[in-house]
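Biologist: Could you walk me through how to read a protein model, feature by feature? I would like the general idea and then the case at hand.

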Amino acid sequence: MRDITDGWCRAGMIHGNIEYIKKRKGLEGIATLDKILKEEGISLTQIRNLHSHDHVPLATLAKFFDASLILFDGDLEKIRDMGRESIKVSFLGRTILPYIFSVNYILTRAPEVWKDHYPVGELVVLENEVKRTRIVVKNFQVNKLWCIYTLGYFIGIGELCKLKNIVGTEPKCVHEGNDSCEFELSWET
Ligand SMILES: [Zn+2]
């Protein structure tokens, strides 16, 4: 397996996930998460005290997802759900996305939004149809949980745009022997 890409994400991304965990598992869940991360040498308190625009290494993000999976008893659906919900509490999800109903327009802006979220890798929209899209993420690798989470994140954006019956898959993945991760989404309008 290839190494985690050397880079960072915004702390705000992890803050949204902490909110999700607090909602689902309460303060007890946060305490357990804190304990698991401490064993990995990561301070949850330190992450929580960061400004949302501050940087967190991608290696820390990977460990955060690993710890979350332990907390959710290995339920991958919860990781995807965390992506779906975290976009809704994010700055973008609260202030901008609910007022842009065209998912096709959002897709045209997605590559630059990627650059604001991650300094490495690249997001390319391969298809931007009325009821379907294909998105590829190149030169970027965290762990499989990131992919599951990100698919949920894309579905969450679709839900904010009031799309119905959204179906999302990841037919190609760097963790399954492909060169890049490819996400496919289809929906009803
Ligand atoms: Zn992937």
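Predicted model: local features only at pLDDT ≥ 70, side-chain atom pairs only at ≥ 80, totals over all residues.

Biologist: How many helices and strands does the protein chain have?

Modeller: Helices (H or I, at least four residues) and strands (E, at least two) are DSSP runs, numbered from the N terminus. Here the protein chain has seven helices and six strands, in the order β-α-α-β-α-α-α-α-β-β-α-β-β from the N terminus on.

Biologist: What radius of gyration does the protein chain have?

Modeller: The radius is taken over C-alpha atoms, and the globule rule is 2.2 Å times the number of residues to the power 0.38. For 189 residues a compact globule would come near 16 Å, and the protein chain agrees, with 16 Å. Along the principal axes, its C-alpha trace spans about 45 × 35 × 30 Å.

Biologist: And what share of the contacts links residues 24 or more positions apart?

Modeller: Two residues are in contact if their C-beta atoms, placed from the backbone, lie within 7 Å. Among contacts in the protein chain with a separation of 6 or more, 67% join residues 24 or more positions apart.

Biologist: Where is the protein chain divided into domains?

Modeller: Domain bounds come from an automatic or database domain assignment. Domain 1 covers 8-86 and domain 2 covers 91-188. Their centres, taken over C-alpha atoms, are 20 Å apart. The contact takes 21 residues from domain 1 and 17 residues from domain 2. On the domain 1 side, β1 (8-10), α1, α3 and α4 each give two or more residues, and α4 has the largest share, nine residues.

Biologist: Which residues of α4 are buried?

Modeller: A residue is buried if 20 or more other C-beta atoms lie within 10 Å of its own, exposed if 12 or fewer, and partly exposed in between; the C-beta atoms are placed from the backbone. In α4 the buried residues include Ile79, Met82 and Ile87, along with Arg80, Arg84 and Glu85. The buried residues of α4 pack against α1 (11-39), α3, α5 (91-95) and α7.

Biologist: How far does α7 reach from its first C-alpha to its last?

Modeller: The expected span of a helix is 1.5 Å times one less than its number of residues. With 17 residues, α7 reaches 25 Å, close to the expected 24 Å. It is mostly covered, as 16 of its 17 residues are buried.

Biologist: Is alanine 67 buried or exposed?

Modeller: Alanine 67, in helix α3, counts as buried because it has 22 C-beta neighbours inside 10 Å. Leaving out residues up to four places away in sequence, alanine 67 touches Leu33, Ile36 and Leu37. Its C-alpha is 9.2 Å from that of glutamate 40, 27 residues apart along the chain.

Terms used:
Residues numbered from 1 in each chain as written.
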